[in-house]
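Open your viewer and get ready to select a few residues at a time. Each stop below tells you what to pick and what you will find there.

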Amino acid sequence: MSNETGLQTAYAEDLIPGARNAIQTCLRLLPSERLAIITDRETEEIAASLAAEAREIGSPVEVLVMEDYGPRPMLTLPTPMAIALERADVSIYAGQPKEGELAFRRDLTGIIDRRQIRHAHMVSISHRIMVEAMRANFDDVDAISCRVLDRAVRATRIVATSPSGSHLEATFDSSIKWLKTSGIISTSKWGNLPGGEVLTAPARVDGVYVADGVVGDYLCARYGDLKDNPLTVEIEDSRIVGLRCKRQDLVDDFRHYCATDENSNRVGEFAIGTNIAVHDVIGNILQDEKLPTLHIAFGHPYAEHTGAPWRSTTHIDIVGRHFSIWFDGDMVMEAGKFLI
């Protein structure tokens with residue numbers, strides 16, 4: 001089945017390998033499975049390439065374009081989209097984030113979590129990402145992710161530093177799960193595409209994180225690559241206690257975002273990127289958080305998957321370059337290169 005009124009159907013040929021990787025390798029879509037794709041006008045070329053690859057294997061496809069169902073930013077999930085997700089076996093969200101749309105996306109993933117269907121989350125997907133990180137050998141990404149996960153679940157203390165001045169120490173609660181989102185998507189946890197990270201909700205984080213890569217959510221498009229304007233975040237007992245940057249507008253925007261609710265300024269994610277096809281920051285959080293480095297996020301700790309006993313209505317990542325990481329004193333990464 002298809003619902004593609006007005007959807008652009010022409011797409012660049014160089015999107016095909018990444019789209020095929022998404023459909024065949026990452027989602028492992030079967031001809032008997034119904035696929036729902038939710039997209040927007042900015043992303044319709046990519047959505048068309050994904051839909052074409054699904055049809056190539058014989059799957060019925062339903063595509064819903066956000067602007068056909070209401071204005072942006074879209075604050076809640078429209079009923080037709082909810083219905084499409086309720087009848088889908090596999091789903092994809094491929095779109096560009098707008099301020100205030102996290103609630104829309106959480107409505108969407110709420111259905112995914114309840115139904116436990118395979119879902120690819122492609123927030124901020126771009127042509128460049130499709131021809132770079134989405135062309136990764138995800139079996140290789142999964143293999144390094146498994147090695148990192150095996151070490152991480154046994155670690156009680158992780159230390160991370162970067163040349164730009166980061167120095168973090170984190171401790172962990174054994175009752176809180178580590179997760180692997182390597183691009184090979186299962187029913188147990190929806191995953192970002194491109195995939196490639198191992199993450200948890202830490203018990204406690206202290207120190208300084210210098211984000212000389214990117215910040216997340218809608219601020220990523222606003223500020224891009226922070227190499228020349230890094231954001232320094234001081235953290236005590238998992239809470240932000242100081243922010244510094246040459247760009248005061250970034251400080252103000254980041255502080256405002258992290259003041260949304262009582263846990264918006266709390267470290268909710270501690271993650272190691274594992275997509276070895278990614279070599280540097282490009283100014284897009286979807287790909288940049290998969291860079292082999294350490295990134296953290298403030299706000300929602302993916303409690304529905306990690307088991308963390310708290311929640312937040314917001315979630316914003318920060319990414320820095322060239323991290324070195326030690327698990328209980330053993331170095332597992334040096335300047336962004338895995339040693340395991």
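## Stop one: a buried glutamate

Glu53 has a relative accessible area of 5%, so it counts as buried. Keep in mind as you look around that this is a predicted model. Glu53 sits in helix α2. Now show its surroundings: leaving out residues up to four places away in sequence, Glu53 touches Ile16, Ala19, Arg20, Ile23 and Gln24.

## Stop two: helices α1 and α2

Next, colour α1 and α2. Their axes come within 9 Å and cross at roughly 55°. The two helices are therefore oblique to each other, and their crossing is right-handed. On the α1 side, select Ile16, Ala19, Arg20, Ala22, Ile23 and Gln24; on the α2 side, select Ser49, Leu50, Glu53 and Ala54, and you have the residues that make the contact. Sorted by class, this contact of α1 with α2 has six nonpolar, two polar and two charged residues.

Stay with α1, which covers residues 16-26. Which of its residues are buried? They are Gly18, Ala19, Asn21, Ala22, Ile23 and Cys26. Then step past the helix to Arg28, which follows α1 and has a positive phi, near 50°.

## Stop three: helices α3 and α4

Select residues 79-87 for α3 and residues 102-115 for α4; their axes come within 10 Å and cross at roughly 25°. That angle makes α3 roughly parallel to α4. This crossing of α3 and α4 is right-handed. From α3, Met81, Ala82, Leu85, Glu86 and Arg87 meet Phe104, Leu108, Ile111, Ile112, Arg114 and Arg115 of α4. The contact of α3 with α4 has seven nonpolar, no polar and four charged residues.

While α4 is on screen, pick Arg105, which is found in this helix. Is Arg105 buried or exposed? With a relative accessible area of 8%, Arg105 is buried. Leaving aside neighbours within four places in sequence, Arg105 is in contact with Tyr93, Pro97, His121, Val123 and Asp217.

## Stop four: the nonpolar cores

In soluble globular proteins, nonpolar side chains tend to be buried together. Here, the largest nonpolar core has 46 residues, and those with the most contacts inside it are Leu231, Phe254, Phe298 and Ile325. Zoom in on Leu231: apart from neighbours within four places in sequence, its contacts are Tyr209, Val210, Ala211, Val215, Leu226, Leu243, Arg244, Cys245, Leu250, Val251 and Phe254. A second, separate core has 40 residues, including Leu35, Leu50, Met134 and Ala136.

## Stop five: two loops to compare

Select Pro202, in the loop between β9 (197-200) and β10 (204-211). Its relative accessibility is 6%, so Pro202 counts as buried. Draw a line from Pro202 to Thr171: the two are 31 residues apart in sequence, and their C-alpha atoms are 6.3 Å apart. Thr171 is also one of the contacts of Pro202, along with Phe172, Val267, Gly268, Glu269 and Phe270, leaving aside neighbours within four places in sequence.

Now move to Lys177, in the loop between β6 (167-171) and β7 (179-181). Lys177 has a relative accessible area of 54% and is exposed. Not counting residues up to four places away in sequence, Lys177 touches Leu199, Thr200, His305 and Thr306.

## Stop six: backbone details

Most residues other than glycine have a negative phi, and most peptide bonds are trans. The next selections depart from that pattern.

- The peptide bond from Arg72 to Pro73 is cis, with omega near 0°; Pro73 lies in the loop between β2 (61-65) and α3.
- The bond from Leu193 to Pro194 is also cis, with omega near 0°, and Pro194 belongs to the loop between β8 (191-192) and β9.
- Asp237 has a positive phi, near 50°, and is placed in the loop between β12 (231-236) and β13 (239-244).
- Ser238 has a positive phi as well, near 70°, in the loop between β12 and β13.

How accessible are Asp237 and Ser238? Asp237 counts as partly exposed, at 44% relative accessibility, whereas Ser238, at 3%, counts as buried.

How values were computed. Residues numbered from 1 in each chain as written. Predicted model: local features only at pLDDT ≥ 70, side-chain atom pairs only at ≥ 80, totals over all residues. Heavy atoms only, no water. Axes fitted to C-alpha atoms, helices over the stretch in contact; angles between N-to-C directions. Helix = DSSP H or I, 4+ residues; strand = E, 2+ residues; numbered from the N terminus. Parallel < 35°, antiparallel > 145°, perpendicular 65-115°, else oblique. Left-handed = near helix turned anticlockwise from the far one by under 90°. Contact = heavy atoms within 4.5 Å. Nonpolar A, V, L, I, M, F, W, Y, C, P; charged D, E, K, R; others polar. Core = buried A, V, L, I, M, F, W, Y, C linked by side-chain atoms within 4.5 Å. Buried < 20%, exposed > 50% of the residue type's maximum accessible area, 1.4 Å probe, protein only.
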